[in-house]
Amino acid sequence: MSSIQRPVGTGADRSLLTKIVSASMAGTVVEWYDFFLYATASTIVFNKILLPTMGNEYDGIIAAFLTYAVGFIARPLGGVVFGQIGDRLGRKRTLQITILLIGVATVLMGCLPTYHQIGVWAPILLVALRFVQGLALGGEWGGAVLLVAEHAPDKDRAFWASWPQAAVPLGNVLATAVLWVLTSTLSSSAFLAWGWRIAFWVSAIVIIVGYVIRTKVTEAPIFEAAKAELEAEKAAGYGVFEVIRRYPRGILVGMGLRFAENIMYYLVVTFSIVYLGTGLKMNTASILGVIAIAHVCHFVVILTVGRMADRVGRKPVYLAGAILTATWGFWAFPAFGTKNTWAILLTIIVGLVFHALMYSGQPAIMAEMFPTRMRYSGVSICYQVTSIVAGSLAPVFATEWLKATGSWWPTAVYLAIASLITAAAVIALRETKGASLHALDAADAARVGVAGEARARA
């Protein structure tokens with residue numbers, strides 16, 4: 001028996017799991033660096049040089065956010081396409097494709113001519129490249145978290161699977177830090193003329209590193225068993241349509257869990273920049289510095305919450321996050337209004353703590369909802385489809401409301417309503433702390449009348 005098949009907890013298996021986590025995180029940091037770099041650049045660069053001049057500064061930001069939303073629209077398609085590939089061919093191959101796609105798109109963004117140079121082709125090319133980014137990221141998340149979740153021991157799955165989640169703030173802090181350095185060291189004219197492009201070109205280096213690391217990982221035994229059974233038993237299907245047909249409740253609950261979490265994150269890390277920079281006229285470099293520090297704290301909190309979800313359960317932790325998130329907007333925006341750097345930093349950190357209570361346990365929860373033969377497709381649908389109506393539109397709505405009313409109240413109410421929807425989904429959720437993925441596969445096999453040899457051994 002190979003080391004990958006020994007009971008989890010041996011030295012060899014823990015070493016392997018650490019290697020898997022490192023590979024998953026390496027690529028995830030890179031891909032989210034690229035994705036969030038676009039988000040931040042939308043608020044300080046693209047609205048000024050790649051899009052036509054608007055009536056006021058808020059209209060320019062809204063237009064940039066709409067191009068940003070294209071990435072979210074592409075993500076479900078990426079989830080469907082790469083979910084099919086990942087469930088059929090494997091998580092590793094899929095992750096190698098996605099990291100190359102998002103890297104090429106990001107580097108090319110840094111090469112785009114301005115609107116004044118090529119006119120309407122500038123935003124057209126920007127949107128096309130953003131679509132490729134979103135397509136790749138749509139397949140990235142499911143593969144990255146499942147690569148870890150399917151290797152992890154049942155009793156510690158939430159903790160280990162929270163590491164790829166923690167890679168998201170690392171990617172964001174890297175993007176924020178690079179832009180902070182550039183905005184702090186260059187004049188405004190130099191930054192807008194050429195400095196912002198450096199941040200996009202840097203991704204070429206880290207993409208290569210992430211790709212090489214991912215070539216060295218192996219698939220989980222539970223996936224290999226499921227793949228062998230799919231090849232032997234034609235009665236068991238896989239992919240998007242199969243998971244929707246067999247597990248509609250899991251899809252709906254998973255999307256509900258994602259709703260407020262996704263809205264909360266983009267209000268904290270994206271709209272906050274608009275509110276502080278454009279609304280309150282604060283210095284861009286100072287705002288980016290504050291957000292970078294908050295992301296570092298977010299990284300630590302995500303891992304802590306992952307451990308907590310293994311100890312006390314998935315539901316109580318997630319429900320606490322949803323309830324606390326409902327309150328954030330009502331006190332956060334008044335705190336921003338003080339323009340006190342420490343008050344703003346604390347407000348953003350607390351917002352990300354609330355977010356982590358929901359975000360950290362998502363990979364374990366969603367992995368425990370679906371059998372291996374359709375797990376990649378299931379988690380990708382829950383995660384990516386929801387982002388269209390949640391995170392992609394949240395900054396657009398919030399900016400439009402700020403422009404129209406000059407008030408943060410509509411945004412605070414919007415977040416509170418979203419939190420109630422997510423709280424209802426948590427209540428409907430079955431507690432899966434310590435659940436066995438092998439047992440889940442066996443139950444699924446019995447349900448569809450398949451009892452393949454690989455699953456029978458499990």
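The legends below describe close-up views of one predicted model.

Residues are numbered from 1 along each chain as its sequence is written, and side-chain values use heavy atoms, leaving out hydrogens and water. Because the model is predicted, local features need pLDDT of at least 70 and side-chain atom pairs count only at pLDDT 80 or more, while totals for chains, interfaces and linings use all residues.

**View 1. The chain as a whole has 20 helices and 0 strands.** Helices (H or I, at least four residues) and strands (E, at least two) are DSSP runs, numbered from the N terminus. Of the 458 residues in the chain, 60% are buried; buried means under 20% relative accessible area, exposed over 50% and partly exposed in between, with a 1.4 Å probe and protein chains only. The chain exposes about 16,300 Å², of which carbon and sulfur atoms supply 70%. Such areas come from the Shrake-Rupley method with a 1.4 Å probe, and for residues only the protein chains shown count as cover. Among contacts (heavy atoms within 4.5 Å) with a separation of 6 or more, 86% join residues 24 or more positions apart.

**View 2. The largest nonpolar core holds 132 residues.** A nonpolar core is a set of buried Ala, Val, Leu, Ile, Met, Phe, Trp, Tyr and Cys residues joined through side-chain atoms within 4.5 Å. Phe46, Leu257, Ile263, Trp328, Phe336 and Ile348 touch the most other members. Helix α1 (residues 11–49) gives this core its largest share, 18 residues. Leaving aside neighbours within four places in sequence, the contacts of Trp328 include Met264, Val268, Phe336, Phe354 and Leu415.

**View 3. Helix α11 (residues 248–279) bends by about 45° at phenylalanine 271.** The bend at a residue is the angle between axes fitted to the seven residues ending there and the seven starting there. Of the 32 residues in α11, 26 are buried. Just after this helix, lysine 281 takes a positive phi of about 60°.

**View 4. Alanine 343 lies in helix α14 (residues 341–359).** Alanine 343 counts as partly exposed because its relative accessibility is 26%. Not counting residues up to four places away in sequence, alanine 343 touches Ala335 and Thr338. The C-alpha atoms of alanine 343 and alanine 332, 11 residues apart along the chain, are separated by 9.3 Å.

**View 5. Salt bridges link Asp154, Arg157, Asp310, Arg314 and Glu368 in a network.** A salt bridge is a side-chain nitrogen of Lys or Arg within 4 Å of a carboxyl oxygen of Asp or Glu, and the count by this rule is 15. Aspartate 154 meets arginine 157 at 2.4 Å, N to O. Arginine 157 is buried, with a relative accessible area of 1%, whereas aspartate 154 is partly exposed at 27%. Aspartate 310 and arginine 314 pair at 3.0 Å, N to O; aspartate 310 is buried at 4% relative accessible area, and arginine 314 is buried at 1%.

**View 6. Phe330, Trp409, Val413, Ile417 and Ile421 make a nonpolar surface patch of about 460 Å².** Patches are made of residues with over 30% relative accessible area and no salt bridge, like charges being joined within 9 Å and nonpolar side chains (Val, Leu, Ile, Met, Phe, Trp, Tyr) within 5 Å. Helix α18 (residues 409–428) provides the largest share, 4 residues. Isoleucine 421 is placed in helix α18 and counts as partly exposed, at 43% relative accessibility.
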